[in-house]
Amino acid sequence: MSASDLRALVMPKWGLTMTEAVVVKWLVDEGADVELGAELVDVETEKILSAVESPASGALRWRAAEGSTIPVGGLLGVIADADVPDDAIVGFAATFEAEFTPETEAVAGDEPSPQRVEVDGRSLRYLKLGEGGEPVVLVHGFGGDLNNWLFNHEALSAQRAVYALDLPGHGESSTNVGDGTVATLAQAVADFMDALDLPPAHLVGHSLGGAIAAELAGTAPDRVRSLSLIASVGLGGELLAGFLDGFVTARRRRQIKPVLEALFADPALVTRRLVNDVLQYKRLDGVEDALGAIARNLVTDGQQTVSIRECLATYPGPTLVIWGAADQIVPASHAAGLPEGTHVEVIEAVGHMPMMEASLRVNQVLGAHVQELPIP
Amino acid sequence: MARTLTLLQAINEALDQEMERDSSVILMGEDIVGGSGAEGEMDAWGGPLGVTKGLYAKYGDRLLDTPITESAFIGAAVGAAASGLRPVAELMFSDFVGVCFDQIYNQAAKFRYMFGGRAETPVVVRTMYGAGLRAAAQHSQSPYSIFTHVPGLKCVMPVTPYDAKGLLIQAIRDNDPVIFFEHKGLYETEGEVPEQSYSIPFGEANVVREGDDVSIISLGLMVHRSLAAAETLAGEGIQCEVVDLRTTSPLDEDTVLESAENTGRMVVVDEAPPRCSVATDISALVAQHAFDALEAPITLVTAPHTPVPFAGVLEDQYMPDAARIAAAVRRVAGYAQ
């Protein structure tokens, strides 16, 4: 970084409805050296508490005050070399503030919003961001929805269309999950791709979504341009005892909160709003039955009954596996013994939701995985 | 998919979806079909405020317009519930409970217990309550503490359209008698409501605002006024945690006590008069189980112990407002032992 190279640390936009967030706590001192990707500051939206990572290496020369509310795109900090004069830093911050226009409500209204498609008698909700290129399809995990990708969706969509869908029985899609097997859910994703007339896509699956993506890669490899599995089920026996049952049967805040906390290395990430969002979804008629049917097909006597290893062995395309080293739900040791050529990325101090807890790193790895492939 | 509805529309949708789902759900009450006796649905008003509008056209004689005889039709609803139907009876004003209290308090509430747990009484009594509409002493009361006091009854008072739909569906599916209180001043409140059916379990209070300085425990219309006060106080550097009880029986004691332990300072806001009230009950609960956490006396903001006055200027004074709530919070926040 040269002396003239000052980088603004700005408030990220996590999800379509985010307009601002509060600076909760700085994790590094003013003046400290920071590395690209280091967590610098915890900010809290009305939905979630998360860390903002450094966009560059250098010294953190200026910081917004803790407790202040910063709009999306607004200045959180300034990264520059230690020898850049203080005047230049102050001037940079002042110029940034003077030229910055927060996103207005009207602009927010023009943004893409989730759409629906009818597939095999089900209504599936999905959100498409970006245009062109080889599409990416994001498949969430058990009990999740398309909002699980709020830290990733936009970042991945710079050069291509990225679709995130709500699986049957999840989010705002129909609650009919059929027999609740991975094969049925994989067929629903294939039907979804057909309905939108998608060319072969880069499938990114988290947890249950990983098994679904792998199933599709095994049964219809020509539909799958590449495979990315994040903390996937189907690669080993263990799955945190009581997690699925706890998630399925919890009806109250005090019941669901410890279940959700097990998903993250840092339980403070589970805000009251996140808990309420999950409860609102779980209260819908039919959801408990749908989740129960899926859970019964995943685990028997505390052991996973689904294996995707055969699918991975036969799938000829490139495969990426991402895991959080501190995953309490499905241990990272399941990433061992994968077919030769599989790119495995294990991220330290991160739990079962690496795409949320280490979004910058996951976005880099995923972005490179879908980017570096030769054009077919 | 969620969209914006008023609380009145949310109640109508809950009734509609449950009647559609379960043919044993029936509605009865004064003017719930409505009209002057003319033929046809065009004359169906759907109750004095239109809460049940449109249901007669879909469900016909599953809506029963009753004579102005609460003792008879509340009794009939209780009997119908005991013999297999799921009636939702509308007691137009909760102030009228006096003439049918035996049917609720000494019959419906007792059946499960007097018949060895083998009798169920899945009746819902929907009823309007609350002051502020210049309706005088006999149409403005908030008598929920009377029902809360009776074992065997469940008492629900929704604040948002989302809660109104989910709690009413839960009430209809519940196998015990439920008194469902609808504040007249909340019918036009708007909020997001999913199109699908859903139910909210009873005994789950809602923390509608988080804060570490003072807890405001509240219910019904008072939740909105407590939130308004909390907004003002935030500008003064006092962060309030506002709890909406949602149901007073069952009562979510854990959330109330958790909040008391978090802040150590508590204001209870209740539109009803103060003697033997929900406010005093919450206060006793916290004094008994979270005494060590308290850093200031529990303070109650309630109506005075008088009937609701008819004169507008007096009625406005009678009801707790945001200014009175904020003043109480400032006293509690500034209290030093």
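This is a predicted model: local features need pLDDT of at least 70, side-chain atom pairs count only at pLDDT 80 or more; totals for chains, interfaces and linings use all residues.
**Stop 1: B:Arg134**

Select B:Arg134 in chain B. This residue sits in the loop between β5 (124-129) and α6 (144-148). Now look at the backbone: phi of B:Arg134 is positive, about 55 degrees, although the residue is not a glycine.

**Stop 2: A:Asp197**

Hop over to chain A and pick A:Asp197, in the loop between α4 (182-195) and β13 (201-206). Here too phi is positive in a residue other than glycine, with a value near 60 degrees. A:Asp197 counts as exposed, because it has 6 C-beta neighbours inside 10 Å.

**Stop 3: the domains of chain A**

The domain assignment gives domain 1 (7-107) and domain 2 (115-371). Their C-alpha centres lie 30 Å apart. The contact between them takes 10 residues from domain 1 of chain A and 12 residues from domain 2 of chain A.

**Stop 4: the domains of chain B**

Across the boundary, 24 residues of domain 1 of chain B are in contact with 22 residues of domain 2 of chain B. To see the domain 1 side of that contact, select α6, β6 (154-156), α7 and β7 (178-183) of chain B, the elements that give two or more residues to it.

**Stop 5**

Next, select B:Ile216, in strand β10 (residues 214-218) of chain B. Is B:Ile216 buried or exposed? B:Ile216 is buried, because 34 other C-beta atoms lie within 10 Å. Show its contacts, leaving out residues up to four places away in sequence, and you will find B:Ser226, B:Ala230, B:Cys240, B:Val242, B:Val267, B:Val269, B:Ile325 and B:Val329. For a sense of scale, draw a C-alpha to C-alpha distance from B:Ile216 to B:Ser94: the two are 26 Å apart in space and 122 residues apart in sequence.

B:Ile216 also belongs to the largest nonpolar core, which has 102 residues; B:Ile216, B:Val267 and B:Val329 are those with the most contacts inside it. This core lies between domain 1 (2-194) and domain 2 (206-334) of chain B, because both give residues to it. Apart from it lies another core, of 92 residues, among them A:Val119, A:Ala164, A:Leu298 and A:Ala335.

**Stop 5: a pair of helices**

Back in chain B, show helix α1 (residues 7-21) together with helix α7 (residues 161-173). They pack at an angle of about 30 degrees, and their axes are 8 Å apart. The two helices are therefore roughly parallel to each other, and α1(B) passes α7(B) in a right-handed crossing. For the side chains, display B:Leu7, B:Ala10, B:Ile11, B:Glu13, B:Ala14 and B:Glu18 in α1(B), which meet B:Pro161, B:Ala164, B:Lys165, B:Leu168, B:Ile169 and B:Ile172 in α7(B).

**Last stop: a cis proline**

Finish at B:Pro250, in the loop between β12 (247-249) and α9 (253-263) of chain B. The peptide bond leading from B:Ser249 to B:Pro250 is cis, with omega near 0 degrees.

Technical notes
Residues are numbered from 1 along each chain as its sequence is written. Chains are lettered from A and ligands numbered from 1 in the order in which they are written. Helices (H or I, at least four residues) and strands (E, at least two) are DSSP runs, numbered from the N terminus. A residue is buried if 20 or more other C-beta atoms lie within 10 Å of its own, exposed if 12 or fewer, and partly exposed in between; C-beta atoms are placed from the backbone. Two residues are in contact if their C-beta atoms, placed from the backbone, lie within 7 Å. A nonpolar core is a set of buried Ala, Val, Leu, Ile, Met, Phe, Trp, Tyr and Cys residues joined through C-beta atoms within 7 Å. Domain bounds come from an automatic or database domain assignment. Axes are lines fitted to C-alpha atoms, for helices over the stretch in contact, and angles run from 0 to 180 degrees between N-to-C directions. Angles under 35 degrees count as roughly parallel, over 145 as roughly antiparallel, 65 to 115 as roughly perpendicular and the rest as oblique. A crossing is left-handed if the near helix is turned anticlockwise from the far one by less than a right angle, and right-handed if clockwise.
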